[in-house]
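Dear colleague,

Please find below the structure I promised to pass on, followed by my notes on what was found in it. I would be glad if you read the two side by side.

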Amino acid sequence: MDKFSFIGNLEIQVLEELYRSYQADPSSVESSWRDFFKGFDFAKTSYTSSTSDSLTFDKEYKVLQLIDDYRKRGHLFTQTNPVRTRRKYIPTLDVENYGLNNADFNTIFNAGKSIGIGAATLKEIVTHLQNTYCQSIGVEYTYIRNLEVVEWLQKKMEAAQNTTNFSRDHKIRFYDKLVRAVGFEQYIHRKFVGQKRFSLEGGDALIPLLDAAITKGANLGIEEYVIGMAHRGRLNVLANILKKDPKNIFGEFMGEKYAEGVALGDVKYHLGYTNEVFTEDCKKVRLNLVPNPSHLETVGPVAEGITRGLIDRNYNGNNSKSATILIHGDAAIAAQGIVYETIQMSQQKAYTTGGTLHIIINNQVGFTTNYLEARSSTYSTDVAKVVQAPVFHVNGDDIEAIIHTVELAMEYRQKFHSDIYIDILCYRKYGHNEGDEPRFTQPTLYKEIASHKNPRDIYGEKLVNIGILSADILKDKQDKYNAFLDEKLEEAKQLEAVEIVPFLPNFWKDYQHSKPTDFETSPTTGVVKDTLIQIATKINTLPNDKPFFNKLKKLLDERLKSISKNEIDWALGEQLALASLAAEGHRVRISGQDSERGTFSHRHAVYTVENSDDRYYPYQQISPNQAPVDIYNSILSEYAVMAFEYGYSLTSPEGLTVWEAQFGDFHNVAQAMIDQYISSAEDKWGLMSNLALFLPHGYEGQGPEHSSARIERFLTLSANLNMQVAYPTTPANMFHLIRRQTKRSNKLPLVVFTPKSMLRHAKCVSRLDDIAAGCFKEVIDDNNTQPNEVLRVVFCTGKIYYDLLDKKELYNATDLAIIRIEQLYPFPEGQVKEILNHYSNAIKWIWIQEEPENMGAWTFISQQMKNIVPIEVVARQSSGSPAVGLSKLHFMEQEEIIGKIFRQCTCNLQNKYCGLQCEVGKYKADHKPEHRYFNQTKKQ
């Protein structure tokens with residue numbers, strides 16, 4: 001089929017018009033026409049002369065078409081699959097499909113110049129193209145729009161026919177790596193029969209590939225790698241790439257307890273590791289294998305965040321010094337949405353890491369699912385085309401092709417600083433795990449696999465045949481490695497406990513894991529008042545030489561006035577916290593959807609110059625020696641962005657790293673990150689993080705999806721001092737909470753339920769003095785009571801406090817105490833008890849919340865308070881939905897729950913507000929048992 005057959009159906013006049021448009025401006029025509037006219041011009045200038053006839057020109061052009069199709073479609077006709085017959089694609093690349101035939105094979109064509117071999121026969125051209133594009137390596141790259149990239153790849157591949165002539169020493173080294181890769185798996189299979197290890201067998205080429213990638217990258221300037229991968233092959237990578245002592249891996253198979261310091265631990269194929277190793281070329285590099293859960297591909301953006309943290313902190317922003325390697329399964333990369341999210345972040349200023357090497361262990365089966373049922377795309381790697389990344393498909397049995405490809409990939413990464421993919425076509429020798437029977441669902445595939453030689457033996461035979469090694473030497477190498485593993489197994493038998501080695505230990509050596517006494521009080525986090533005024537003035541003063549939006553000018557003027565009036569609102573309190581940290585040398589990083597301005601237009605961390613795209617960054621004006629303050633608008637993603645920021649926080653214990661939700665409930669799209677990392681990583685892996693989540697929360701009649709940040713979910717996950725959960729009510733307390741997160745010597749993730757309407761509530765202000773002095777208050781007592789007369793104590797958290805306060809002030813209800821629990825977890829039990837001692841005459845204790853009774857903090861609070869006082873709840877009725885959809889109905893519900901706290905009685909208290917309710921059953925002597933209560937309104 002002639003792919004340019006449509007040209008014959010075009011009006012000549014239209015074709016000429018298109019060509020003239022192309023000559024005037026190539027970008028004015030569609031890309032396929034651009035390619036056509038480019039080839040036409042190339043052929044016209046290179047291959048025609050006054051003596052050439054139309055037939056010669058026509059055939060030259062057809063050869064150019066053939067070359068172009070090899071570049072575009074050669075990957076469909078490769079020898080890349082070691083255990084399956086490739087699907088058939090038409091049209092093929094046979095010369096007959098291009099108007100050529102066997103008689104043309106000995107004809108010399110100048111088209112050979114375009115592939116770097118000069119004028120050559122058609123046979124030589126086809127052979128060159130076959131060797132380059134249709135052997136053990138298939139490549140997709142012609143969709144890339146950057147012509148420099150396309151031409152660079154073409155020259156690299158076509159000049160060498162996609163092969164490297166490796167030296168004898170290199171070949172022996174490749175074999176040695178295969179001995180370790182294959183031998184390690186076979187040894188465990190023999191010694192730990194039936195135990196899960198998620199064997200690499202079938203994909204053994206991963207080990208020499210990683211070794212070559214790390215070595216090549218180190219020679220090109222990379223000093224540190226961050227590796228993210230799932231379970232398959234992980235133990236092998238730990239042993240043979242990160243040089244984790246095999247005795248410790250064997251100990252994890254046999255261990256019965258963990259060493260002190262880790263509460264629960266994790267299965268061995270989830271653990272991370274950090275180590276410094278030397279490459280074969282004697283260059284020292286640091287390798288970090290990120291711990292991971294079973295949730296596939298989750299580790300990818302975490303690894304990217306770690307790499308970005310390393311680049312920012314250790315390498316002064318030089319992304320040539322640190323690189324990410326992500327290892328995917330074919331079924332996972334094709335189906336997991338977080339892959340797409342992470343790829344979309346890869347070229348964004350806030351998240352770029354200078355290019356990631358993606359390696360796909362393509363087993364051609366997902367658990368039990370055939371690859372044809374696992375995706376709709378042709379390749380599992382088709383998502384790479386989103387960012388125009390080149391993709392190489394390589395036969396997993398051809399080690400030299402794999403090494404050639406990865407060395408080319410590392411050159412590409414260092415030159416263009418963008419992602420690149422290597423798809424290793426291989427197989428999985430056993431089932432999903434070693435106890436699984438794959439022949440239930442894949443009988444024909446596993447019949448082929450059962451008789452297929454492993455890559456070590458295939459390559460060993462090749463080395464014997466070409467006279468590099470003898471069969472005896474091959475056996476000796478295998479025997480020596482087995483003997484080495486025998487020694488390590490004996491050492492493992494002497495281990496008393498399994499020790500989990502800390503990940504990124506150098507970053508966290510000065511910080512300790514939390515203990516209960518750390519939360520009895522908060523450290524002092526105030527800042528000198530004059531310093532705060534200076535900071536606020538610098539940030540809220542606009543440069544005179546740039547025009548700005550009038551509303552912005554007014555906003556900043558109001559902020560400056562509020563300082564002079566000693567009234568700090570939420571936005572200014574946050575601003576002072578972030579800026580003061582930067583002034584003291586603590587790096588600040590915040591990212592989330594619309595975080596620069598703030599979803600509720602409160603932050604304004606970046607000022608846009610009017611009628612332009614120029615921007616002014618006030619947080620860069622704090623002081624000459626300040627730390628960076630980076631506040632970014634993220635892509636419209638929660639899962640990957642939260643994961644990235646979690647990874648970044650692992651490299652920045654002395655800084656502040658924040659992920660902010662647009663609305664708090666949107667975090668549930670990233671629930672896997674919260675469950676598998678934020679709440680549990682310290683218990684599983686001994687991994688500390690100081691990531692803060694800012695989750696806007698509060699019931700204001702905006703419907704089910706914009707009310708609740710799901711406090712209950714975080715409190716359900718809270719245990720063993722694993723994180724902090726807070727819902728502060730004042731700008732001063734938020735100021736101190738932010739600074740405490742950075743200043744504490746013990747580090748935990750922080751979940752903050754931040755305000756919406758409360759951002760502009762007239763009473764939600766603090767004095768500058770409260771910010772300048774003091775610390776975060778876990779509990780705030782009621783300073784407007786007569787303690788001896790208090791009969792009811794009402795506990796609450798967050799925004800509802802201001803609704804209660806309005807009513808309390810209306811009634812002057814000094815016999816009712818409203819206690820704010822600002823930190824829900826770790827629960828400040830000692831402080832609560834101390835406050836309750838002030839109210840010795842109280843006879844009723846209530847927890848009030850906006851959320852339905854089955855949500856919010858109530859279930860958690862009831863457990864915490866059960867041994868302190870008998871507490872009751874006032875809340876919305878239990879519901880499957882967080883909130884109602886109609887705003888009027890919302891306000892009716894809100895009035896109802898507030899009204900349950902404030903009642904009036906007709907008794908000899910002379911119709912004044914009464915803190916008792918009928919159901920209490922306990923009355924003072926001056927109360928009549930027949931008194932009636934009803935809701936008090938302003939009208940009454």
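In what follows, contact means that heavy atoms lie within 4.5 Å of each other. This is a predicted model, in which local features need pLDDT of at least 70 and side-chain atom pairs count only at pLDDT 80 or more, while totals for chains, interfaces and linings use all residues. Residues are numbered from 1 along each chain as its sequence is written, and side-chain values use heavy atoms, with hydrogens and water left out.

E645 is buried, with a relative accessible area of 0%, where buried means under 20% relative accessible area, exposed over 50% and partly exposed in between (1.4 Å probe, protein chains only). Y648 also belongs to helix α22, which spans residues 639–649, and it is buried as well, at a relative accessible area of 2%. Not counting residues up to four places away in sequence, Y648 touches G305, I306, R308, G309, D312, R587, R589 and T657.

Next comes a helix pair. Helix α19 (residues 529–539) and helix α21 (residues 570–583) pack at an angle of about 105°, with their axes 10 Å apart; axes are lines fitted to C-alpha atoms, for helices over the stretch in contact, and angles run from 0 to 180 degrees between N-to-C directions. That makes α19 roughly perpendicular to α21, given that angles of 65 to 115 degrees count as roughly perpendicular, under 35 as roughly parallel, over 145 as roughly antiparallel and the rest as oblique. On the α19 side, L532, I535, A536 and I539 meet L572, Q575, L576, A579, S580 and A583 of α21.

There is also an open sheet of 5 strands, with mixed pairing and the order β21-β23-β22-β25-β26, where two strands pair if DSSP finds at least two bridges between them. β21 (779–780) and β26 (871–876) stand at the edges with a single partner strand each, so one side of each is left without a neighbour in the sheet. Strand β25 (residues 844–852) pairs with β26 in the parallel sense over 5 bridges, and 4 bridges join β25 to strand β22 (residues 792–796), which also runs parallel to it. Within β25, W845 is the bridge partner of V793, and W845 in turn has I871 in β26 as a bridge partner, while P852 stands opposite R876 in β26. All of β25, 9 of the 9 residues, is buried, so this strand is largely enclosed by the rest of the structure. Helix α31 (residues 887–899) lies across β25 and β26, running at about 165° to β26.

Finally, the cysteines: taking a disulfide as a pair of cysteine sulfur atoms within 2.5 Å, the count comes to 0 disulfides. C764 is in no disulfide, and the nearest cysteine sulfur, that of C796, is 13 Å away. C764 counts as buried at 1% relative accessibility, and C796 counts as buried at 0%.

With best wishes

Conventions: Helix = DSSP H or I, 4+ residues; strand = E, 2+ residues; numbered from the N terminus.
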